[in-house]
Amino acid sequence: MCILCREETQLGLRRRPTGFLSLSAALQVLEGTRFASAGSETLALCFANRSACLFYLQQYQECLTDIRRALDSGYPKHLEPKLLRRREECILKLSESASKNSESTHQVSGPNLCDPNTLNRCKQEGSNLNKAELIPCCSAAISLQFNSEKGRHLVAKQDIAAGEVILEERAFACVLINEENTKTGSENSALMASTQDWYCHHCLCKVTTPVPCHGCSYACYCTEICKDQAWKEYHITECPISGMLLGLGIFTHLAFRLALKAEMEHTKESQERTRLKEVGCLKENELYCPVKGTCKGLDQGVQTSKMDRTCSGDNKELVSIDTPLVIPGCDLSGCYQGSYSSVYSLLLHFEKHTPQMRFLYAITVTLLWQILKEGGQLPDCWSSFSKKVSNETQKSMWSYPQFSVIGVMLLRHMLQMKCNAQAVTTVSKFTGISISSVESQVQTRVATGIFPTVSLMNHSCDPNTSITFQKNIITVRTTRPLKAGEELLHCYGPHRSRMNVFERQHLLEEQYFFQCQCKSCKEEKSELSGNLNPGGLFGIQCSQCGSSLMSANKDGEEYCCSKKSCGHSVSQQEILKQVEGIRKGIQRAVLLIETGQQDQARSILQKCQREAWKILIPTHPMQGEIEDCIARVFAVMERWDDAATHLSRSIELVRNQYGKNSLELGHQLFKLAQLQFNG
């Protein structure tokens, strides 16, 4: 592996004008760091070779970091002069940059955002969110309410302007997806870089010089700080079985991490309640308060409505287990902290999971439990009990009842995943390195996480909020003005601008176990019920006259023109074949653009456009995709006016499909700004 790293690095440096193979070489070296032993000469050589790649990529601060790691790992003495010269050159380059621009110094040696103290300080200084007392992740303008129809939900306490930040929350736990999404290298030597190569496995920070875990070839981190934090919180247990967790899937992995982060302390209340009941100190209609160490009965409480609650802070004491005076997930003071108790309270929908899936979950939990019993180690947060166990009984400690709660929680969290896991996304370029002045950007999923406060928001196919991510922190903003008393709504995925009402309701019922009755769904159903051409295909028109198509039989296998004088008919299979042909043509054109074959790409796109004009309505999303790709071709050819014309057409189609406040429209406007600036 080390020899391979050296060869790839030298190849990349010899052809550094492209800047492409240096990146390829860096990825090869990354593979070497994952498999090298801690403190070995091989690891030191890998760090040194990666520093050479970073130097030619002009990432001097990262280069210095890898040089330090190489020296700390025992870099060979006879090679040290070469490494020290590179360090001097990096320092010189940074000094020159700092002298040109005084602000560059702060960019080069900025605060380490993975340091918890620094992160908390930066968050307090940078965040303008006026936080609510009882929902710390939310704005003070938001309240948590509960009723029998909607369950727990967030509501505006006052009028809120469009664009305001109303919620900021760090993921309680998150797991990177194992997906190859970036291609780099030449035609003969191509590499697929996955999200695990580009992001920290703990904080999801984008990294260039990841620090590998030397116990497994899976986990990498942005700094040694994140590496140590992950080890203490969960990776000490995950490391020996990381390969199995990858095979079991991301939901199982995330559920396992949630159970590990629960800590023994969170099980003490239920254990103490059981003990008090056994000795007769706690009655069935009483709750034990772990903070005060006291019990409070129903007759000592404040009576409120059983099914309507507001987290307003008026009722500070929970009084009865039969009457939920505190909203589930809140502590005894009515505060929703977003802690493990909030995660634990997320809905299971146990009865709605199929028996086959419930059986599969149980088998998976049993498998993991048996593996842990073979000698698994627990994180430091569980050490309050495990430290009391002697070294001779460390392996048998899993037989203690206190530890069986891990299996119970793991099964619970696996049932929660389907309805509560949130995809963590980022905006990235379409492919590795673009040669166009108009760069396509796409929303890429990098991880799956649990955000207990965001999970309180109900779904709408036309939501009044939008979400963005900065590492493992989610930010929720309003997309339009909200009135006092209006509910905050979040889109779970199926959006009215991306699919029709029947597709949306099918997906929502399949994954989230409810039939959406939002305003958009009701309006679309009402429009369709009055449609004179029921059974028509969405976005497809007659290739002869341009009228809409309608189903010619009950099976929907044959479609005919809605204009009786036309009489044209076509099979559903033929329509799908034509649409798929256009889609594949667009994909081929994009690949040709990225490899510099603009003339061929333009020819294919023109053919796709002619076919699209025949069978697709003018506002179909594919029409916008074609215009966008043509704009990229003209931008590469430096025909700026033609590029701007086609990109403007694409913008209008995107605006019509996704709306004026959509992320998609923002991407297109950004590309137009790039075009005007570069052209």
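Biologist: Which residues are buried in α11?
Modeller: This is a predicted model, and helix α11 covers residues 250-260. Nine of its 11 residues are buried, so α11 is largely enclosed by the rest of the structure. The buried residues are T252, H253, L254, A255, F256, R257, L258, A259 and L260.

Biologist: What percentage of the residues of the chain count as buried?
Modeller: The chain holds 23 helices and 20 strands. Among contacts between residues at least 6 apart in sequence, 59% join residues at least 24 apart. Of the 679 residues of the chain, the share that counts as buried is 46%.

Biologist: Are α3 and α4 roughly parallel or roughly antiparallel to each other?
Modeller: Helix α3 spans residues 41-56 and helix α4 spans residues 60-72. Their axes come within 8 Å and cross at roughly 165°. An angle over 145 degrees counts as roughly antiparallel. The two helices are therefore roughly antiparallel.

Biologist: How do the residues of the contact of α3 with α4 divide into nonpolar, polar and charged?
Modeller: α3 passes α4 in a left-handed crossing. From α3 come A44, F47, A48, R50, S51, L54 and F55, and they meet Y60, E62, C63, D66, I67, R69 and A70 in α4. The contact residues divide into nine nonpolar, one polar and four charged.

Biologist: At roughly what angle do the axes of α4 and α5 cross?
Modeller: Helix α5 runs over residues 80-100, and its axis comes within 9 Å of that of α4. The crossing is left-handed. The helices are roughly antiparallel, and the angle at which the axes cross is roughly 155°.

Biologist: Which residues in α5 does α4 meet?
Modeller: On the α4 side the contact uses Y60, Q61, C63, L64, I67, A70 and L71. The contact residues of the two helices divide into 11 nonpolar, one polar and four charged.

Biologist: Which residue in the turn between β15 and β16 has a positive phi?
Modeller: Six bridges join β15 (residues 465-470) to β16 (residues 473-478), and these strands run antiparallel. Among the bridge partners, S466 pairs with R477 and I467 pairs with V476. The two strands form a hairpin with two residues between them, and the turn residue with a positive phi, about 60°, is K471.

Biologist: How far apart in space are S520 and D462, C-alpha to C-alpha?
Modeller: S520 sits in helix α18 (residues 519-529), and with a relative accessible area of 4% S520 is buried. Leaving aside neighbours within four places in sequence, S520 is in contact with C461, D462, R496 and R504. S520 and D462 are 58 residues apart in sequence, but their C-alpha distance is 6.3 Å.

Biologist: Is S650 buried or exposed?
Modeller: S650 belongs to helix α22 (residues 640-658). Not counting residues up to four places away in sequence, S650 touches G624, E627, D628 and Q668. Buried means under 20% relative accessible area, and at 1% S650 is buried.

Biologist: Does L204 count as buried or exposed?
Modeller: L204 lies in the loop between α8 (195-198) and β7 (211-212). Phi of L204 is near 65°, a positive value in a residue other than glycine. With a relative accessibility of 5%, L204 counts as buried.

Biologist: Does E638 count as buried or exposed?
Modeller: E638 is placed in the loop between α21 (621-636) and α22. Its phi is positive, about 60°, although E638 is not a glycine. Exposed means over 50%, and at 56% relative accessibility E638 counts as exposed.

Technical notes
Residues numbered from 1 in each chain as written. Predicted model: local features only at pLDDT ≥ 70, side-chain atom pairs only at ≥ 80, totals over all residues. Heavy atoms only, no water. Axes fitted to C-alpha atoms, helices over the stretch in contact; angles between N-to-C directions. Helix = DSSP H or I, 4+ residues; strand = E, 2+ residues; numbered from the N terminus. Parallel < 35°, antiparallel > 145°, perpendicular 65-115°, else oblique. Left-handed = near helix turned anticlockwise from the far one by under 90°. Contact = heavy atoms within 4.5 Å. Nonpolar A, V, L, I, M, F, W, Y, C, P; charged D, E, K, R; others polar. Pairing = 2+ DSSP bridges. Buried < 20%, exposed > 50% of the residue type's maximum accessible area, 1.4 Å probe, protein only.
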